[in-house]
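Subject: Structure for your review

Dear colleague,

Please find below the structure that I am handing over to you. My findings follow directly after it.

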Amino acid sequence: MELKNKISEEFNKRFNKPGSVYASAGRINLIGEHTDYNGGFVFPGAIDKVIMAKIAPNDTDKVRVYSVDLDDYAEFGLNEADAPKASWARYIFGVCREVIKRGGIVKGFDTVFAGNVPLGAGLSSSAALESCFAFAINDLFNDNSIDKFELAKIGQSTEHNYCGVNCGIMDQFASIMGKADKLMRLDCRSMEFEYFPFAPEDYELILIDSRVKHELADSPYNKRRASCERVAKRLGLDTLRDATMPLLNSIRTDITAEDYFRAKFVIEEKERVLAVCDALNAGDYETVGRMMYETHRGLSDDYEVSCEELDFLNDIARECGVTGSRIMGGGFGGCTINLVKKGLSDKFIETAKTRFNERYGHEPQVYPVVICDGAHIVD
Ligand code: GLA
């Protein structure tokens, strides 16, 4: 059933009153991984996979929320002491709290939500959830007076303060600011950004989901960030944004080999995003693809956030002559993003499915990428 009908039906059953429908999107990232919390550049876009919620104020100081996909219900107040136990509900609670902390208004509301962003696939289902509610709360209770960047930061702070993930700003930014057929190059230090039209004639983007689930909270994600911050501090810098390989090499013997390779990846990745921008401007997709393969190698060998299944999918892409392929998102499972010449995709998908199934006993999930608008009012 269509998402909107699904949540509306359930909302009517439970709350039986009119409400507004909001949605926000998952994201892809062409290149620039683990650069956001290092003050570097990222290149994301919102996709046609969303979290959608129907919401109506309820004249109380309680939030009553039902998740269709989890078939679970939660109820919580809006004070710090009212945090719900269920981890999924903490995303919504966190958004409410972060709005309140910034002086915004949140009143009690009833809501039903559902989504089609695959969970744990590296497509930012959690950012889509946070952005959907941040956007809705801004519209319902604050006359849209909170600016969109702040909405993204509200989602990010929710991750930090209520969900245990010290993430960067990329996912929430993309989920809120995304536009159809456009990727965005965001400078995560100045927060300046630019929309890049992305609708190549001869190539398409395909996601191959290993279905290896990742969980970023308590995961090595926070440790990666800590490594980067240690090296930046050692170099006397705020972030690794201004670090260079000569600088890093000058302290190589003072830091652990692990920290060295984490920082090396970040420094090289920063350069790759800029090279991809130039290549896109010149219509040079072969260079874009080559950079994607280099990113994969760095994420796998130096940053160590890949896994056997994703390396296997990357090898298959290379063997099939795919232009570019790499692990996407935080890592430790999830998807590869593949830049594929039109005409080659059927063969590539078929080969990836068969070979992956032979080795791991299940087929990967395949999603064509459609770049869409981010957070919006549906109804
Ligand atoms: C996760 C985080 C983002 C970003 C990516 C890696 O998706 O939420 O902030 O750090 O990993 O690029």
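The lining of the largest pocket is made up of 20 nonpolar, 15 polar and nine charged residues. Please bear in mind that the model is a predicted one.

**The largest pocket**

The space inside this pocket amounts to about 990 Å³. Its lining counts 44 residues, and those closest to the centre of the pocket are Y91, L119, G120, S125 and S126. Several elements contribute two or more residues each to this lining: the helices α2 (87-101), α3 (125-141), α4 (148-163) and α5 (170-177), together with the strand β6 (109-115).

**The second largest pocket**

The second largest pocket holds about 190 Å³ of space. Which residues line the second largest pocket? They are D181, F198, A199, P200, Y203, E204, L205, K342, P368, V369, V370 and I371. By class, nine of these lining residues are nonpolar and three are charged, while none is polar. The element that gives the most to this lining is strand β9 (residues 203-209), which supplies three residues.

**The cavity**

How many cavities of 30 Å³ or more does the structure hold? There is one, and the largest cavity contains about 30 Å³ of space. Its lining consists of I28, I47, D48, K49, L207, Y367, P368, V369 and V370. Two elements, β3 (44-57) and β12 (365-368), each give two or more residues to this lining. The largest share, three residues, comes from β3. Seven of the residues that line the cavity are nonpolar and two are charged, with no polar residue present.

**A pair of helices**

Two packed helices are described by the angle between their axes and the distance between the axes. In this model, helix α10 (residues 308-319) and helix α11 (residues 345-360) have axes that come within 10 Å and cross at roughly 145 degrees. The crossing of α10 and α11 is right-handed. On the side of α10, the contact is formed by E308, E309, F312, L313, I316, A317 and E319. On the side of α11, the residues in contact are F348, T351, A352, R355, F356, R359 and Y360. Sorted by class, the contact between α10 and α11 comprises eight nonpolar residues, one polar residue and five charged residues.

With kind regards

Terms used. Residues are numbered from 1 along each chain as its sequence is written. This is a predicted model: local features need pLDDT of at least 70, side-chain atom pairs count only at pLDDT 80 or more; totals for chains, interfaces and linings use all residues. Side-chain values use heavy atoms; hydrogens and water are left out. Axes are lines fitted to C-alpha atoms, for helices over the stretch in contact, and angles run from 0 to 180 degrees between N-to-C directions. Helices (H or I, at least four residues) and strands (E, at least two) are DSSP runs, numbered from the N terminus. A crossing is left-handed if the near helix is turned anticlockwise from the far one by less than a right angle, and right-handed if clockwise. Contact means heavy atoms within 4.5 Å. Ala, Val, Leu, Ile, Met, Phe, Trp, Tyr, Cys and Pro count as nonpolar, Asp, Glu, Lys and Arg as charged, and the others, Gly among them, as polar. On a 1 Å grid over the protein atoms alone, a cavity is a set of points where a 1.4 Å probe fits but cannot get out, and a pocket is an open set with protein on both sides within 12 Å along at least five of seven lines; lining residues have an atom within 4 Å of a point. Grid points are joined across faces, edges and corners, and a volume is the space filled by probe spheres set on the points.
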